[in-house]
Amino acid sequence: MNEEVKNKLKKILPINKLHFELSDRYSYSFDASFGEYLPEGVAQPSSAQEISEIVKLANQYGFPLYPRGSATSLSGGPLPVEGGLVLDMSQMRDKLIIDKENMIAITSPGVLTSDIHNEAEKVGLFYPPDPSSAHVSTIAGNILENSSGPKGLKYGTTKEYVIGMEVVTPTGEIVRVGGKTVKNVTGFDLTRLITGSEGLLGIVTEATLRLIPKPKDRKTMMATFYNPVDCGRAITNILSQGILPAAMELMDNACIRAVEHFEPSGLPIDAGALLILEVDGHPLALQEEIEQSREICEEIGALTIKVAESEKERNDIWTARKKVSPAITQLGPTKISEDATVPRSKIPEMMEKLNDIRDRYQLNLVVFGHAGDGNLHPNIITDKTNIEEMKRVEDAVGDIFQAALELGGTLSGEHGIGTLKAPYLEREYGKEGVALLKSIKHAWDPNNILNPGKMFAKEGQTKVVLT
């Protein structure tokens with residue numbers, strides 16, 4: 001980044017909000033996924049107007065911009081793959097308004113998702129999207145990845161709750177899309193188009209979120225099974241009986257063992273798989289649903305079944321689930337995280353395919369995820385310095401995605417495409433579909449300024465290069 005650009009940036013932001021030192025830039029070269037890319041600089045804007053001016057400058061001088069929240073992305077979403085300037089949006093967190101009467105939240109992009117949960121619950125309201133990283137991830141990052149967490153089964157994904165935004169476009173205009181009303185059919189639904197766009201179509205500077213009444217009560221159950229396929233059968237059987245849990249989470253044996261090694265939680269390490277189920281709503285209905293779920297698990301052959309009798313027991317169960325990601329990170333130096341999603345009825349078949357892939361490529365492949373909506377998280381624990389093994393990892397990742405697509409699923413349920421899944425996008429969309437996506441990107445961002453190098457593979461690239 002030349003001195004002329006740096007000097008112009010200094011006219012937009014205070015000097016303490018610009019970082020060009022090597023040590024600072026290294027801090028922004030990675031996220032929670034795979035790969036490191038060094039930016040040329042880092043900016044920490046505090047307003048939409050500052051961002052607008054930076055975007056216009058980027059268009060004028062032709063350098064890329066990479067918006068970044070807390071960098072919890074598992075697909076490489078904020079990585080500065082072409083250098084340029086990182087926009088640290090985590091500093092914009094001054095606004096969080098809970099409007100109880102209209103049941104909405106108005107929030108700055110850098111507000112933590114868990115803070116929205118906490119403030120909404122203080123007035124009896126509920127924001128359902130709850131990714132595992134909610135205590136550290138920013139709301140704008142969740143919106144742009146459409147990351148939703150376990151409650152997507154009953155309550156839907158993030159896009160169902162984002163009803164309005166203030167956005168800086170890739171050419172620097174400040175626009176508002178959507179609004180404060182739940183019903184809004186004026187023009188194209190730009191709010192939903194931007195939600196899940198992975199930072200390619202705009203920079204969110206304010207979000208308006210729909211809230212719902214907090215459920216009156218909830219009950220949580222944990223059941224263990226001989227193998228993951230039986231666990232998958234229990235999930236499909238419970239859902240086929242008309243029970244719609246708020247969440248259904250699956251952990252295989254490797255995850256159970258990893259959690260117990262990381263921080264003992266009393267999980268049965270001899271179980272092949274574990275199911276966490278939570279129902280919420282009216283107390284009278286909950287007792288019937290939890291008992292029916294227990295009976296179904298017993299019929300499948302559950303090894304153990306435990307229903308939480310207190311809030312502490314419930315928290316202990318969910319804490320164990322939320323420890324999975326940091327726990328499996330301890331199993332090896334490199335973690336490749338995927339989230340292929342299949343129709344619920346295909347979960348047992350997908351588990352069998354994942355077992356086959358694990359055995360065929362002789363890899364440490366562990367599986368957990370939001371099994372109630374088919375959103376499985378196969379993770380491969382490996383060592384990026386082992387070139388021979390990494391080549392097997394590359395082939396296994398391709399087979400995981402192919403298996404999901406053959407079962408009527410999708411490449412991603414909530415992690416996004418980013419850099420790690422870009423080579424596989426055409427498998428799901430086809431050439432014509434990818435061309436349509438690219439045409440939308442070009443229409444919004446003719447100079448390819450905003451988050452370039454994501455979603456779309458390089459010419460001729462058929463798989464992610466991990467070695």
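A residue counts as buried here when its relative accessible area is under 20%. Keep that cut-off in mind, and remember as you click around that this is a predicted model.

**Stop one: a histidine in a loop**

Select H415. You'll find H415 in the loop between α14 (387–406) and α15 (425–444). Is H415 buried or exposed? Its relative accessibility is 10%, so H415 is buried. Now show its neighbors: leaving out residues up to four places away in sequence, H415 touches L74, S75, E145, S337, E338, D339, H377 and K421.

**Stop two: a pair from that neighborhood**

Keep two of those contacts of H415 on screen, E338 and K421. They form a salt bridge, and the closest N and O atoms are 3.8 Å apart. E338 sits in the loop between β16 (334–337) and α13 (347–361), while K421 is in the loop between α14 and α15, so this pair ties together parts that are 83 residues apart in sequence. Check how covered they are: E338 has 4% relative accessibility, so it counts as buried. K421 is at 1%, so K421 counts as buried too.

**Stop three: two helices side by side**

Next, color α13 and α14. How do you describe a pair like this? Two packed helices are described by the angle between their axes and the distance between the axes. For α13 and α14, the axes come within 10 Å and cross at roughly 160 degrees. An angle over 145 degrees counts as roughly antiparallel, and α13 and α14 are therefore roughly antiparallel to each other. Their crossing is right-handed.

On the α13 side, pick M350, K353, L354, I357, R360 and Y361; across from them in α14 are R392, D395, A396, D399, I400, A403, A404 and E406. By class, this contact has eight nonpolar residues, no polar ones and six charged ones.

Zoom in on D399 and R360, which form a salt bridge with the closest N and O atoms 2.8 Å apart. D399 belongs to α14 and R360 to α13, so the bridge ties together parts that are 39 residues apart in sequence. D399 is partly exposed, with a relative accessible area of 23%. R360 is partly exposed as well, at 45%.

**Stop four: another helix pair**

Move on to α8 (residues 228–240) and α10 (residues 283–300). Their axes come within 9 Å and cross at roughly 140 degrees, and the crossing is right-handed. From α8, select D230, R233, A234, N237 and I238; from α10, select S293, I296, C297 and I300, which they meet. The contact of α8 with α10 holds five nonpolar, two polar and two charged residues.

R314 lies in helix α11 (residues 311–322) and E278 in strand β14 (residues 273–281), so the two tie together parts that are 36 residues apart in sequence. Both R314 and E278 are buried.

Conventions. Residues numbered from 1 in each chain as written. Predicted model: local features only at pLDDT ≥ 70, side-chain atom pairs only at ≥ 80, totals over all residues. Heavy atoms only, no water. Helix = DSSP H or I, 4+ residues; strand = E, 2+ residues; numbered from the N terminus. Buried < 20%, exposed > 50% of the residue type's maximum accessible area, 1.4 Å probe, protein only. Contact = heavy atoms within 4.5 Å. Axes fitted to C-alpha atoms, helices over the stretch in contact; angles between N-to-C directions. Left-handed = near helix turned anticlockwise from the far one by under 90°. Nonpolar A, V, L, I, M, F, W, Y, C, P; charged D, E, K, R; others polar. Salt bridge = Lys/Arg side-chain N within 4 Å of Asp/Glu carboxyl O. Parallel < 35°, antiparallel > 145°, perpendicular 65-115°, else oblique.
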